[in-house]
Amino acid sequence: MRRQSARLADAVESIPERFRNAHKWTWDKKRQRVIDAAVATGGHLLLTGLPGQGKSAIACAILGRRLQSVQHDCATWAEVEDASTIRFISDPDLCRAEAMHPLGSKVDSPMYMAGLHASLLVLDDLGFDLASRRHPGAELVMARYNARRPTIVTTGHTRSVVEERWGGGVGRRIWTQSFGINCDEFPAMEAVR
Ligand SMILES: Nc1ncnc2c1ncn2[C@@H]1O[C@H](COP(=O)(O)OP(=O)(O)OP(=O)(O)O)[C@@H](O)[C@H]1O
Ligand SMILES: [Mg+2]
């Protein structure tokens, strides 16, 4: 177990600390159903909705469940290795990492590469800055779709706003190739400071 925890440290630590135990929270029925279904199917997921509706928290609960599932004595090392690549990356952090990368646009940042190779990726807050010239988050989502690796995307934007800025191809890939969940249809979440 200790070796497993060490191997999974990067994956666990990529999850923001306030959401690291989200898989242990007491969830309402509707959000719990989404989390259970996403864990069971392991496919692409798109979480949309207003701020505070739990998009990031739900995504982290799914990652937490996946990581928990290999933290027992019967897990094979291959399963642990696969889970060790799981990542939570926020689009703001990715944009900053790409902008600050010393080799500029010639080579992708380590964060982008970790996102590309993750067996499951949460890309949080996609398109936080729709006006920026480069949009590595969208590029990452496209590259992962092409590689058939599942991505959980959260965004506060609507499809039409994203397409207006980034084009229909990006919108189509994000919206039609993943299972969409509108978190505004769920009950309000209790505000926790
Ligand atoms: N330990 C906890 N148990 C239950 N609820 C919590 C806990 N910690 C935080 N919350 C609540 O969960 C919600 C989490 O919202 P979250 O940040 O996931 O929303 P979001 O849809 O991603 O919003 P945004 O668009 O601003 O990123 C908040 O309302 C917060 O108060
Ligand atoms: Mg969020």
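Visitor: How do the residues of the shell around ligand 1 divide into nonpolar, polar and charged?

Guide: In this predicted model, 14 residues surround ligand 1, and the closest are Gly52, Lys55, Ser56, Ala57 and Val192. Sorted by residue type, with Gly counted as polar, the shell divides into eight nonpolar, four polar and two charged.

Visitor: Which pocket corresponds to the space taken by ligand 1?

Guide: The 14 residues that surround ligand 1 include Gly52 and Val192. The space that ligand 1 takes is the largest pocket.

Visitor: What percentage of the area of ligand 1 does the protein bury?

Guide: Backbone N or O atoms of Gly52 and of Ala57 each lie 2.9 Å from an oxygen atom of ligand 1, while a polar backbone atom of Gln53 is 3.3 Å from an oxygen atom of the ligand. Taken alone, ligand 1 exposes 650 Å², and the share of this area that the protein buries is 73%.

Visitor: Does Thr151 count as buried or exposed?

Guide: Thr151 has its place in strand S4, which covers residues 151–155. A residue is called buried when its relative accessible area is under 20%, and because the relative accessibility of Thr151 is 0%, this residue counts as buried.

Visitor: Which side chain does a polar contact join to that of Thr151?

Guide: The residue in question, Thr151, belongs to strand S4. For a polar contact the N or O atoms must be within 3.5 Å, and at 2.8 Å such a contact joins the side chain of Thr151 to that of Arg144.

Definitions and conventions
Residues are numbered from 1 along each chain as its sequence is written. Chains are lettered from A and ligands numbered from 1 in the order in which they are written. This is a predicted model: local features need pLDDT of at least 70, side-chain atom pairs count only at pLDDT 80 or more; totals for chains, interfaces and linings use all residues. Side-chain values use heavy atoms; hydrogens and water are left out. A residue is near a molecule or strand if one of its heavy atoms lies within 4 Å of it. A polar contact is a pair of N or O atoms within 3.5 Å; within protein, one must be able to donate a hydrogen and the other to accept it, and residues adjacent in sequence count only if both atoms are side-chain atoms. Accessible areas come from the Shrake-Rupley method with a 1.4 Å probe; for residues, only the protein chains shown count as cover. On a 1 Å grid over the protein atoms alone, a cavity is a set of points where a 1.4 Å probe fits but cannot get out, and a pocket is an open set with protein on both sides within 12 Å along at least five of seven lines; lining residues have an atom within 4 Å of a point. A molecule sits in a cavity or pocket if more than half of its atoms lie within 2 Å of its grid points. Helices (H or I, at least four residues) and strands (E, at least two) are DSSP runs, numbered from the N terminus. Buried means under 20% relative accessible area, exposed over 50%, partly exposed in between (1.4 Å probe, protein chains only).
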